[in-house]
Amino acid sequence: MSAVYNLEPPPTAKVLLTTTSGDLLLELFAKQTPLASRNFLQHCLDGYYNGTLFHRLVPGFIIQGGDPTNTGDGGESVFPGGAPFEDEFHSRLKFSRRGLLGMANEGTKGSNGSQFFLTLGETRELEGRNTLFGRVVGDTIYNLMKMGEAELQAGEGTDRPIYPTTFTGAEILVNPFEDMVMREVKARTEVGQKQEGKKKGKKKGAKVLLSFGGEEGEDGVVEPVLKKEKFNTKLVSASGDAGPKKAVNRALKPPRAGCGEEHTAKVISVEDSAPQG
């Protein structure tokens with residue numbers, strides 16, 4: 001493990017998360033991933049994640065949280081208008097083991113919002129497709145392992161724990177962003193509650209959360225660019241590109257096996273005229 005740590009760039013930020021399953025001490029690669037790191041730290045400082053659930057679990061693969069609606073459909077970035085932000089890749093940041101912190105996305109490039117995930121094993125298929133911006137350190141890795149052993153709700157392909165872990169708070173220990181200050185957080189829209197002031201529009205096809213489609217990033221840091229599209233995530237996909245049709249990808253429970261094993265997914269295609277990322 002120490003050899004792997006030596007390959008990674010030195011972290012420049014640190015935050016302690018408190019959850020109902022114990023603490024998680026995270027180090028962030030803020031120099032290599034400034035957008036993802038600023039977004040995460042600002043949300044932690046604002047208390048945006050407080051009370052949210054780790055709503056999605058694929059044993060041996062990832063556990064996911066960061067959605068203020070606790071549905072897998074919500075969340076936005078800290079940038080102006082809540083706009084999604086660009087992916088950030090670095091040649092020395094690899095999804096090579098458990099305990100790595102990454103950004104969930106819609107299945108298109110540059111569609112990062114507030115949702116994040118922690119790896120429960122080696123997940124090489126995510127490299128160049130999802131931003132890796134931090135890692136769990138110290139003995140708190142055992143709390144993550146406990147979270148990953150939670151029992152799932154009944155039903156084929158289910159990914160929601162019966163008793164999901166709750167994010168209860170965060171303490172930023174090292175913050176490289178000197179201009180960061182606490183902001184007032186907008187009231188959350190709970191499940192089933194309509195958002196006021198928004199007009200009803202044509203119902204859109206379901207989005208894909210944490211897609212693995214896309215090209216691998218080049219060595220070094222990719223120039224970050226903010227996107228204007230609305231962030232509306234859905235489910236984790238362990239498959240490749242969905243093709244010409246938009247797909248709702250619900251990852252099946254993969255076998256608890258060694259590193260490098262592929263995770264299969266049940267794919268339900270739905271018609272959608274929106275262009276793919």
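Reader: Which residues of strand β5 point the other way from Leu100 and Gly102, and are they buried or exposed?

Author: Happy to start there, with strands being DSSP runs (E, at least two residues) and helices likewise (H or I, at least four), numbered from the N terminus. In β5 (residues 100-103), Leu100 and Gly102 share one direction, while the opposite one is taken by Leu101 and Met103. Buried here means under 20% relative accessible area, exposed over 50%, and partly exposed in between (1.4 Å probe, protein chains only). So the two you ask for are Leu101 and Met103, and they are buried.

Reader: Before we go on, what kind of model is this?

Author: Residues are numbered from 1 along each chain as its sequence is written, and side-chain values use heavy atoms, with hydrogens and water left out. Local features need pLDDT of at least 70 and side-chain atom pairs count only at pLDDT 80 or more, whereas totals for chains, interfaces and linings use all residues, as this model is predicted.

Reader: Which residue of β6 is the bridge partner of Gly102?

Author: Two strands pair if DSSP finds at least two bridges between them. β5 has 3 antiparallel bridges to β7 (residues 132-136), where Leu101 faces Gly134. With β6 (residues 116-119), β5 also pairs antiparallel over 3 bridges. There, the partner of Gly102 is Phe117.

Reader: How many residues apart in sequence are the parts that Arg135 and Glu27 tie together?

Author: These two side chains form a salt bridge at 3.0 Å, N to O, the term meaning a side-chain nitrogen of Lys or Arg within 4 Å of a carboxyl oxygen of Asp or Glu. Because Arg135 sits in β7 and Glu27 in β2 (residues 22-28), the pair links parts whose separation in sequence is 108 residues.

Reader: Are Arg135 and Glu27 buried or exposed?

Author: Arg135 has a relative accessibility of 6%, and Glu27 has 14%. By those values, Arg135 is buried and Glu27 is also buried.

Reader: Which residues are linked with Arg135 in a network of salt bridges?

Author: The whole structure holds 9 salt bridges. Some of the residues involved join into a network, where Arg135 is linked with Glu8, Lys14, Glu27 and Arg97.

Reader: Where does Asp179, the salt-bridge partner of Arg38, lie?

Author: Arg38 and Asp179 meet at 3.0 Å, N to O. Arg38 is partly exposed at 22%, while Asp179 is exposed at 54%. Arg38 belongs to helix α2 (residues 34-46), so the pair ties together parts 141 residues apart in sequence, with Asp179 in the loop between β8 (167-174) and β9 (208-209).
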